[in-house]
Structures are given as structure tokens and as C-alpha cells.
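The following report describes a predicted model. Please keep the sequence and the structure in view while reading.

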Amino acid sequence: MEKLKKIIDDRIDYLLILPVFILLVIGLLAVYIAINHDYPENLSTVLTQQVLWIILGFVLSFIVMLFSTEFLWKITPFLYLFGIILMVLPLFFYSPQLVALTGAKNWITIGNTTLFQPSEFMKISYILMLSQATVKLQQEVVDHNFKDDLKLLLVYGLLTFPVLFLLTLQKDLGTALVFMAILSGLILLSGISWQLIVFATTLIITGGVVFLAIFLSPTGKSFLFKLGMDTYQINRISAWLNPFDFADSIAYQQTQGMISIGSGGFTGKGINVVDLVVPVRESDMIFTVIAENFGFIGSSILLVLYLFLIYRMIRVTFETNNLFYTYISTGFIMMILFHVFENIGAAIGVLPLTGIPLPFISQGGSSLISNLLGVGLILSMSYQNQKFKETFVENQELIDIEKF
């Protein structure tokens, strides 16, 4: 038993766990400050739940770390199908009050109890499924050509369409963007022709420019509304483009968040000092708490921690000789990068608000457990790398003994 414990201990990448642990501690502190000021009567309940989610996330992460490559490969299609089934449930089991508040049916609610957000679990399943599909198709390729690129894109499309379709029914644009970021990372790494990538990128940029041109035209908003765009989505874009024109209405959250961040200055106001009201600052706007309390220095340290985490994941990826793991790591890195970029970008007013949480920091169990599952996959990659090295050394020693 002691020997097994030592073997496992030697294969764990503690330099990968370290930034995650520090981010979780910062998250608990930020959530404490936010809840203590906004909902003090719920402080003990929220913090207890957050700690329990962290413990559950770490347990699941440890279990995933011990998965063999073969087992992970076999269960991937089942995880994908299970994720799709889960994403159907919020369309039938939801809270009308929550839908009225957020505009989206993306949480499973039974009775008065909101359980979890299935799309968070689906992110991990989606990464696994795309990674497996990429490896399978690349194994069939003898002489890479344009036809192979189209075949891979078709498979990506078939796997992505059900997810985006369900997110459209849920009216969850923010999460849909996360899936597109994951897909973009896999496409870039898969070796698809640069001509196709440039063509697709040009189409997306052109589409974005055309959309903004229509939106900013005198009758653009009413035209987009008639096409089926929801009012809350139109309001969020309006709030992003001209926040202080709507500071007392639709842009209240965004403007209050920007003022809060700016008020923190270089060093911040100190721990547990919050002078401004920022709606939902315990989750979507958690960065405002960090910036107001710890200022530019604290915010910079937070970004450095994320960069170090990404660096460690890239290092682990470079050490692996398994394509399946390489694509998994790429998908998860893109997922974390997009979450950080969008959440902080929205908080400082660079991007529109989409309701995307800040990884390991924001209050909430679904996102937290999903992120820790992703960390478990990277730890599994590191675990298998170390196991491979140990096997190689043992075989080499046996060869040397036989030669002797």
C-alpha cells in the first residue's frame, strides 16, 4: 500500500496543481467578500457549498487522473452522448424566474432547486469527442489532401451541430462561443489547410463587420429583433457599445463594474472593502472584487497565475507522445483561455457581457467541477507520461542486464 502511494505521488504534477490551488483560494476569498457585502445572510451557506464543490472537484480530478488512455478512449463516445442527453433536460426542467432574469434555459431546475448547468459538463465531453475523432481520421490518412480537410471539417460539424442547436434552444450564446473557441483550437492543431482557415476567418470577420453595421444603423435593432434576436441580447450589445449612455438601465452592471475596477487603483482598497454595488459580482463579475480590493497589482498576479497554469499544461503536452492527449490538452487550454479573456474583457468593458464565469474563481459548482475535471485530464496526461518514462527505464535496465 505504501509502495503504491509513493508511485502515485511520484507521478503527480504538483507544479500544475499549485496555480489551481492558489486560484481556488483567491476565489474563496473573493466570493466571501462579494457575498458578505451583498447577501450576508447567505454567507455560510454559499461558502460551505463552494468548499464542498471544490472537494468534490478534486476527488473527481484525482479519479480522472488515474484513468488509463485505453479506458478514456473507450468511454469518450458514451460521455458525449450522455452530455447531449443532459443538455436536453434544461428545456423541460427550468426555473421561469431564472429564465426571466438571465434570458436563458441553461440550468436544470426541479421544483425550487436549481441543480447544475449541463453545458459545463458537455465542454469536457466535447473536447474528448473532437480529440478522438481527429485521431481516428488522421490514422486513416495516407497522403494528406484537401479532401481529407473537408472530411475532418464535416465530422467536426456533425459533432458540433447538436451542441450548438441545443444551446440555441437554451438561448445561451456565451457558452456557444466557448465551444467555438474549443473547436478553433482543434482546427488549428489538426493540420487543416491554411487556405481553408484563412477563408473561414475572413468570413467570420466579414460577418461580424456586417452585423455591427446593421446593428448601428437607424433601424438595425428592430430589424434584428424581427429576425429573431432576443431583446436581452440586443441590450447587451448596446450596453457594450455605449455603456455610459445606458448607465442607469441596461448597462448598469457593466458601468458599475468598470467604475469598481478603476476605483481599485494600483494597490487596491484593501481586503473586504467594497464601496460600489455590482450585480452578480460573486460569479460573472467576480473580477471586479479582486480589482477593487487588490488593485492593478492583485489583478496582474491573477493573470500571472493563469499564464503559469497554461505554461504548465503546454509543458505537459510537449512531453507526451500521445496524439489523443495532445488534442485534449489543446481543447482545454482554449477553453480556459477563452473563459479568462471573455470574463475579464467583459468586466473592463472591452467585450460584451455573456455570463461566462472566471475559471476557479467565480461562485458556482458546475463551472468549478468542469474546470477541475479538465485539470484531471491534464494530470492524467502527466501521469501517463511519467508512467511511460518509468517503463522505458525499467526495460532499458533489463536490456543492460541481459547484455551483461
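**Helix H8 and its end**

Helix H8 itself spans residues 173-189; helices (H or I, at least four residues) and strands (E, at least two) are DSSP runs, numbered from the N terminus. Its 17 residues reach 25 Å from first to last C-alpha, close to the 24 Å expected at 1.5 Å a residue, where the expected span is 1.5 Å times one less than the number of residues.

The buried residues of H8 include Gly174, Phe179, Leu183 and Ile187. Buried means under 20% relative accessible area, with a 1.4 Å probe and protein chains only. Helices H6 (118-140), H7 (146-170), H9 (194-216) and H14 (323-347) are among what covers them.

**Nonpolar cores**

A nonpolar core is a set of buried Ala, Val, Leu, Ile, Met, Phe, Trp, Tyr and Cys residues joined through side-chain atoms within 4.5 Å. The largest has 88 residues, of which Val163, Phe332, Leu358 and Phe360 touch the most other members. Apart from it lies another core of five residues, including Phe215 and Leu224.

Leaving aside residues up to four places away in sequence, valine 163 touches Tyr80, Ile84, Met87, Met122, Tyr126 and Phe179; contact means heavy atoms within 4.5 Å.

**Confidence and basis**

The chain averages a pLDDT of 87, the predictor's confidence in each residue from 0 to 100.

Residues are numbered from 1 along each chain as its sequence is written, and side-chain values use heavy atoms, without hydrogens and water. In this predicted model, local features need pLDDT of at least 70 and side-chain atom pairs count only at pLDDT 80 or more, while totals for chains, interfaces and linings use all residues.

Terms used
Buried means under 20% relative accessible area, exposed over 50%, partly exposed in between (1.4 Å probe, protein chains only).
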